[in-house]
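Here is a friendly briefing on nonpolar cores and aromatic rings. Have a look at the model first, and then we can go through the packing together.

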Amino acid sequence: ENCFVPISEIIAVEETEFNRKQRNIGRWQKMTKLHAFTVYYVKKARNHRWRCSDATFWCVDEHLCNQWIQALKELLEMQKSRPKQLLVYINPYGGKRQGKRIYEQKVAPLFSLASISTDVVITEHANHAKDNLFEVNIYKYDGVVCVGGDGMFSEVMHGLIGRMQKDSGIDQNNPKASLVQCNIRIGIIPAGSTDCICYSTVGISDPVTSALHIIVGDCQPLDVSSVHHNNTFLKYSVSLLGYGFYGDILKDSEKKRWMGPMRYDYSGFKTFLSHHYYEGTIAYQPAKHTHGSPRDKESCRTGCYICKQSEKQMAEQNKEHGLKHEEGEEEWKIIKGKFLAINAVNMSCACPRSPKGLSPAAHLADGSADLILVRKCSRFDFLRYLVRHTNQDDQFDFPFVDVYRVKCFQFTSKLSEDNESNVMDIGKKRFGQFCRDHPACCCNIVNSTWNCDGETLDSSAIEVRVHCQLMKLFARGIEEDCKDEAAYSQSSIEQLL
């Protein structure tokens, strides 16, 4: 019962006090003392789950035992990507308020085993981690770990990227600015209501699995979209930027936090029944540097070829033409219409309820976002579209759904376009239109809210640009399913030794 374990997936090696009762073998019973060491390593199970397993080796020669320990420790020292010192932020209020317990019981012992030192900060209020990252000496750390949900990750991400731009003298309010890449990796220990980013980059929302990815020093580049309004920076986004349906769900659910995670189901059902659509104009620039398309069914996986080639092509284009020249010269595509949902995603946005996500072929690090437009349609057709997110059918195969791979886009609501008109006339015009379309509710809602990675943005006119591989995670992307997963369940490290 042997399996191969690479050095990169060994967690630690320790000398072990050997108990002779563990090995009741006749020829060893006469020995007075045995020497042993234990190897702790990553054991891979189904559904991308990792666990810490161990194997103990023993012999009568103390010198030989020490040689093995020294040799293995030297090999581990050569793994330069592994973190030695981490800054940890814990949100004690997120999700089911289990963040502190999860870290102390499941994560901290593994960090200690791997000889990783940590500075832990328990956040006390919103933006505590973000503000703290502008004050501490972040350059002494090999990474920053956030324990919480997507909101906690967003806070740490904004703090790190903002700190990098501040230290480099970059004005974040300039939507055309070339941002400085953040080389300090972020680790996510999932402990929130939603852990979409963790699920989409690791394949599972499991604290132990994420901790082990941090320990072995995995690195996954990640695209980040910047959102601006009138040359003013608003937010960064790495997963979903949604207007209409998903924006309305978030806005309604924020009023019902007392319900816990169930508030999303309630608000989702309520928003579906309201069936609001919104008028506006979208202008976008196609991502011509990418090697894939939103409907090619090429999922982003560990060591993704499309991400590597797209990054290379984008770098060559920028070197040849320059970023400003490229954006100024390329043609903008313009779409006007009535939309139930406008979604821009930098990743698949997969989660346990929707294993494929909003865009199954979206890539983590190709310098583009998938722009999904769901035009006005019947409730039944919209329900068919939503159901497609839970099965294997092509969710873009509808006449009212369009999807484009873009590097930047702009959106302006109909109300913003009519800003120069008389305010009373606008109100009458919009109110009359919605009363005709929704006579039962007689609503006069003219603007939705943007859902930016689970946080609301009220601006109805925005400019979005994708920054290729702006940051890095302690992850390796979703690995291909192992054909012989049973081999991992009978793990030993003897073949390696």
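Rings of Phe, Tyr and Trp (its six-membered ring) pair if their centres lie within 6.5 Å; planes under 30 degrees apart count as stacked, over 60 as edge-to-face and the rest as tilted. By that rule, the structure holds 14 aromatic pairs. This is a predicted model, where local features need pLDDT of at least 70 and side-chain atom pairs count only at pLDDT 80 or more, while totals for chains, interfaces and linings use all residues. Residues are numbered from 1 along each chain as its sequence is written, and side-chain values use heavy atoms, leaving out hydrogens and water.

**Aromatic rings**
- Phe272 and Phe382 are stacked, because their ring centres are 6.4 Å apart and their planes are at 15°.
- Phe272 sits in helix α8 (residues 262-274) and Phe382 in helix α11 (residues 379-387), so the pair ties together parts that are 110 residues apart in sequence; helices are DSSP runs (H or I, at least four residues), numbered from the N terminus.
- Both Phe272 and Phe382 are buried, meaning under 20% relative accessible area with a 1.4 Å probe, protein chains only.
- One aromatic cluster is formed by Phe245, Tyr246, Phe272, Phe382, Tyr385, Phe398 and Phe400.

**Helix α7**
- Eight of the nine residues of helix α7 (residues 245-253) are buried, including Phe245 and Tyr246.

**Nonpolar cores**
- The largest nonpolar core has 66 residues, and Phe153 and Met471 have the most contacts inside it; such a core is a set of buried Ala, Val, Leu, Ile, Met, Phe, Trp, Tyr and Cys residues joined through side-chain atoms within 4.5 Å.
- Helix α4 (residues 150-168) gives the largest share of this core, seven residues.

Conventions. Buried means under 20% relative accessible area, exposed over 50%, partly exposed in between (1.4 Å probe, protein chains only). Helices (H or I, at least four residues) and strands (E, at least two) are DSSP runs, numbered from the N terminus.
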